[in-house]
Amino acid sequence: MMEIENLTLDEWYTCLKPYQKNMIEQLVSKYGEEKAAEEWLIARGPIQTVTFGGNQANAVEAPKYWSRLKDEFDKLICGHPDYEKEQKKILTAGKTIGIGSVTALANWLSPIIGMSPSILVPAIILILHTTSKMGVNAYCSTKHLINK
Amino acid sequence: MFNFTQITLLIGKLNKSTGAIDMLGTGFLVSKEGKVVTARHVVGNEVNDLYVLMPHIPSINAYQDVTDLSCKPVAVNVEDVNPITDLCILKTNLSFNGILPPLESLDNILVGEKIGMFGFPHCVMGRRVLTYQETEIGAKMLLETSGVKSKYATINIQTRPGQSGSLVFNLRNGAIIGLLIGTYAPSSGVIIAGINPHELNQTSYCISANYIKEML
């Protein structure tokens with residue numbers, strides 16, 4: 001079983017650009033960590049605003065991206081065979097997920113979630129921090145993964 | 001003044017069933033290394049098959065042939081997304097040798113001052129006409145997304161689908177002060193011929209360009 005480095009939120013924030021850190025800090029102070037990750041992922045600009053152009057289908061899909069990220073994160077962290085190759089890479093590199101692993105996680109999950117890695121990074125660090133506080137074993141013991 | 005016609009670009013996505021590029025909205029070049037900004041909702045969560053279309057006219061005074069469907073697409077990657085401010089940075093392999101207008105902020109313009117805007121109204125319906133509009137700043141606002149407030153301006157002009165991502169510049173010095181996002185339209189509970197009547201207002205929103213600068 002892999003582990004997540006025991007880092008403070010400020011240490012995880014070093015993965016972020018200054019503007020991302022600023023926005024995520026505001027979201028965390030308002031919603032707490034997990035809900036902040038969700039709000040970041042499903043935000044679509046200011047409320048009561050009609051936009052002019054682009055793919056409007058994505059707006060309907062927005063809430064699904066969060067549950068997709070959570071499902072895939074759980075599979076990756078908790079040893080689901082869908083991520084065997086990625087899990088081996090983490091275990092070979094020292095068993096521990098830390099700041100240096102965040103970009104790789106975002107790149108692995110991006111095509112499955114259907115969002116760019118850059119938008120996933122802030123949400124991933126918040127989930128990693130929450131999970132690390134609980135411990136991977138304890139976290140995964142609450143998950144019942146389905147082999148799809 | 002700056003040559004805005006050469007930095008305002010169409011954003012498109014390859015339609016694999018037709019082999020053509022579907023036009024999604026407007027964007028503009030913000031770095032000499034080929035970074036282009038647009039509204040995030042223009043590309044949505046797409047990461048594949050995105051393109052910018054190179055300028056099709058040398059000057060805004062050229063007659064734009066709407067029957068000419070040829071284009072010069074350049075592939076782009078999504079480099080950064082800010083879902084709170086609805087901004088997206090795309091990266092091309094283009095390099096730009098001209099002088100780019102500076103990215104400033106709505107802090108640098110007063111209510112009532114004149115602005116110019118370049119964009120592609122109706123491009124989502126297949127019409128490619130780079131269009132220039134002039135108006136003035138009507139108000140400055142703080143709008144909220146998920147509890148985070150950002151700086152916006154009301155501009156006193158009605159805009160059309162396809163103009164999201166248009167550059168908004170200060171007529172006094174040519175500096176880019178904003179990017180067109182949309183318009184105020186709360187749900188009315190009534191849709192007439194597919195239109196929410198609240199969308200038929202005469203103003204639009206732009207977001208302050210300082211939020212673009214911090215993403216570069």
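Two strands count as paired here if DSSP finds at least two bridges between them. Strands (E, at least two residues) and helices (H or I, at least four) are DSSP runs numbered from the N terminus.

This is a predicted model: local features need pLDDT of at least 70, side-chain atom pairs count only at pLDDT 80 or more, and totals for chains, interfaces and linings use all residues. Residues are numbered from 1 along each chain as its sequence is written, and chains are lettered from A and ligands numbered from 1 in the order in which they are written.

I start with a sheet in chain B. One of the bridge pairs puts Lys13(B) with Leu50(B) in E4(B).

Next, the interface. Taking contact as C-beta atoms, placed from the backbone, within 7 Å, 28 residues of chain A touch 42 of chain B. H2(A) (18–31), H3(A) (33–42), E2(A) (49–51) and H7(A) each supply at least two residues of the chain A side. H2(A) has the largest share of that side, with 6 residues. Val50(A) sits opposite Thr183(B) in E12(B).

Now the core. A nonpolar core means buried Ala, Val, Leu, Ile, Met, Phe, Trp, Tyr and Cys residues joined through C-beta atoms within 7 Å. Buried means 20 or more other C-beta atoms within 10 Å of a residue's own, exposed means 12 or fewer, and partly exposed is in between, with C-beta atoms placed from the backbone. The largest such core has 93 residues, and those with the most contacts inside it include Leu120(A), Ile124(A) and Val168(B). H7(A), residues 117–134, gives the most to this core, 9 residues. Leaving aside neighbours within four places in sequence, the contacts of Val168(B) include Ile115(B), Met117(B), Leu179(B) and Cys206(B).

Last, one residue in strand E13(B), residues 204–208: Ile207(B). Why does Ile207(B) count as buried? Because Ile207(B) has 26 C-beta neighbours inside 10 Å. Beyond four places in sequence, its contacts include Thr85(B), Tyr152(B) and Leu179(B).

Note on methods. Contact = placed C-beta atoms within 7 Å.
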